[in-house]
Each structure stands twice: as structure tokens, then as C-alpha cells.
Amino acid sequence: MKQNSNNKLKVILGITLILIIIICAIYVQFSNSKHNENNDIYSNINIDKSKLNIFFFNVGQADSSLILYEDKAILIDTGNDSDGEKIVEFLKAKEINKIDCVIGTHIHEDHIGGMADIVDNISVEKIYMPYNVTEDANFYKKVTNSINSKKLSVETVSENDKIILSSNFILEVLYVDNKEPLNQNNASIVLQLEYGTQKYLFMGDAEKEVETKLLQEDSLEDIDVLKVGHHGSETSSTKGFIDKVLPEISIISVQNGRYNNMPSKDIIDRLKINGNQVYITDTDGTIWITSDGITNDVIILKDLNLNGASKLGLRVYFRYALFSV
């Protein structure tokens, strides 16, 4: 009886080992095929740095926007933890080896989770985030450990501060809460970029309460490109705010499958008033905007997917099989 039990155990272990090898082979093949596919996509992206370039990355239910002009680069938000590696891959493929400043609009994983990978693999000059001392989540510890290991520090900004990279490349801070708000979304750093006659507004996850305060800002009139607040949720993009901002182009970053009713159909309809073009990353992919300071050209990079969630899912499956031996 004992001999039979031993034989059965050997068979089970043998089958399990074969399954692990198969899963590992599939994972390697999947990773390599995705890497080669992305390389083909990257090679077709020719960036003219004499113009303003803004990439609104498809990072699933998260946010990440890259702004390039001449030899300067700003990264606003870095997606989830699983997205950081993909963003680094894009940056290196396009020979962007230095980021002048990384801005985490607020301390939620879907906005700063990928920052550790950025800091670990790309030269970063400055990091800006709202002041916060309460976050003890693992992703935040990972981010702070990477920042500390590079001997960097997190700087705070205040309303009306300007982040100046050149005379034609200036970001103005319209709002930030450096205290400890009950709603972390409303700590978001809200940023406006002016380039030539064009205005670009990045809302982070700021909600209605912040929009009410921003309505007092005269500079918010006639925004050309709006990075929509809080993934197009009904918590943001009030009628009064959109009526004042009147964006010509709106970008919503969301996960495929419309997580938690984001974006809201009512918000999409509201944004489309007056012929506003609305782009949504889950269906349109990464949105690339180029500008000469007078007009904006929109390029849809449908196949440029920097969402690391699918890759992470395979990793989790592999780890589950490994530790179940």
C-alpha cells in the first residue's frame, strides 16, 4: 500500500512539474511576442520634438501622461504598479533617458503605483506629489524606497506655483491640497500648460468640490485639451465646470470593461456638447497629441497598450501553479 502511495505521489509531482514547465514556456513566449509586437509599434512612432507632444497612455484603470518638448520631458502620473515596467519600456524604446520631473497628482496606486519602476530605471530630476504622511500601503512603501535609494526627495507645490522647464514650457499649479483630506482625490495637483495659443488642463482625480473652487479662475476659459477628472466618473465634470472650460478635445483614461461605471454616459454626453471630441483609452488606445502652438493634431495609437494588468495576470497564474506544488 505504501509503495502504491509513493508511486501516486511521484505521478502527481511529475504531472505538476510538466504543467509548470508548460506554463513557464507559455509565459516566456507570451512576453517575447508582446515585446516584439511593442517594438514594431514603437518604431512607427516618430516624435518631432520641435513640437509639443503629449501622450495619454492606455494604462487601464489608471492614469499616465507624458509631455515632451525639445529636450524636456514631464511625466504626470505613472499608472498602477504593474504599468511601470511598460512605461519604462516605451521611454527606453524612444530614447527618453531623462525625465525632468515626475508629478504624482495624488497618492493612489492608479496614479503613482508605477513610479518605483520609473525611478529605478530612468534618470529623474525632480518629483512632485501632494504632502502626505498617512499612506502605509505596500505600493507607496515601494515608491518611497525607490526614491530614497536614488537619494531623491519629494517636493511639494502650492497653488499658483509654476514648474518652469523653458520659456515655452511652463506648467502652472491651479490647485493642490497639501493637508490630509478625507477624500484623497481632492488633494490632486491640478495643472495647466499653455503652449502658444493652446491650453491643456490636467485634472488628476479632482472632484466637484475642487471644480467649484476652480470656477473662480479666469484662465480656465476655453481649454483646448482636457484630461478629464477621475476617469470620467460622475463625481467630476459638473455641467458648470464643463460649460466654462469648453474643451475642444477631452481624454478619459479607463479600464476596458468600464470599472464602477467609469466613464459615465452622462459625462460623455456632456463633454460632447459643442462638437467636443472625446477619446477614451479603453476603446481608442493611447492618444498622442502634437501641437505647433496654434492647432492640435490627434493621433490614435490603438495598439499602444501599456496596461500591465494582463501580463501581471499571467505572472500570478504562474506563481499560483509554482507554489501549489
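1. Helix H8 spans residues 265–271 and holds both Lys-265 and Asp-269, which sit 4 residues apart, about one turn of the helix. Their side chains meet in a salt bridge, with 2.9 Å from N to O. Lys-265 is exposed at a relative accessible area of 59%, while Asp-269 is partly exposed at 37%. The model is predicted, and these contacts should be read as features of that model.

2. A search of the whole structure gives 5 salt bridges. One of them links Asp-81 to Lys-142, where the closest N and O atoms are 2.9 Å apart. Asp-81 belongs to the loop between S3 and helix H2 (84–93) and Lys-142 to helix H5 (residues 138–149), so this contact ties together parts that are 61 residues apart in sequence. Asp-81 is partly exposed, with 25% relative accessible area; Lys-142 is likewise partly exposed, at 34%.

3. A surface patch of negative charge is formed by Asp-218, Glu-221, Asp-222 and Glu-248. Of these, Asp-218 lies in the loop between helix H6 (208–214) and strand S11 (225–227). Asp-218 is exposed, since its relative accessible area is 61%, against a cut-off of over 50% for that class.

4. Is strand S2 (residues 65–69) buried or exposed? Buried: 5 of its 5 residues fall in that class, so the strand is largely enclosed by the rest of the structure. The class requires under 20% relative accessible area. Ser-65, Ile-67 and Tyr-69 point one way from S2, Leu-66 and Leu-68 point the other way, and all are buried.

5. S2 has a partner in strand S1 (residues 52–56), to which 4 bridges join it in an antiparallel arrangement. Within this pairing, Asn-53 stands opposite Leu-68 in S2. S2 is also joined to strand S3 (residues 72–76), by 5 bridges and again antiparallel. Here Ser-65 has Ile-76 in S3 as its bridge partner. S2 and S3 make a hairpin with 2 residues between them, and Glu-70 in the turn has a positive phi of about 55°.

6. Strand S9 (residues 190–195) is mostly covered, with 5 of its 6 residues buried. Strand S8 (residues 169–175) runs antiparallel to S9 and is joined to it by 4 bridges; Glu-172 has Gln-192 in S9 as its bridge partner. Strand S10 (residues 198–202) pairs with S9 in the antiparallel sense over 5 bridges, and Leu-193 stands opposite Tyr-200 in S10.

How values were computed. Residues are numbered from 1 along each chain as its sequence is written. This is a predicted model: local features need pLDDT of at least 70, side-chain atom pairs count only at pLDDT 80 or more; totals for chains, interfaces and linings use all residues. Side-chain values use heavy atoms; hydrogens and water are left out. Patches are made of residues with over 30% relative accessible area and no salt bridge: like charges are joined within 9 Å, nonpolar side chains (Val, Leu, Ile, Met, Phe, Trp, Tyr) within 5 Å. Accessible areas come from the Shrake-Rupley method with a 1.4 Å probe; for residues, only the protein chains shown count as cover. A salt bridge is a side-chain nitrogen of Lys or Arg within 4 Å of a carboxyl oxygen of Asp or Glu. Lys and Arg count as positive and Asp and Glu as negative; His and the chain ends are not counted. The place of a charge is taken as NZ of Lys, CZ of Arg, CG of Asp or CD of Glu. Buried means under 20% relative accessible area, exposed over 50%, partly exposed in between (1.4 Å probe, protein chains only). Two strands pair if DSSP finds at least two bridges between them.
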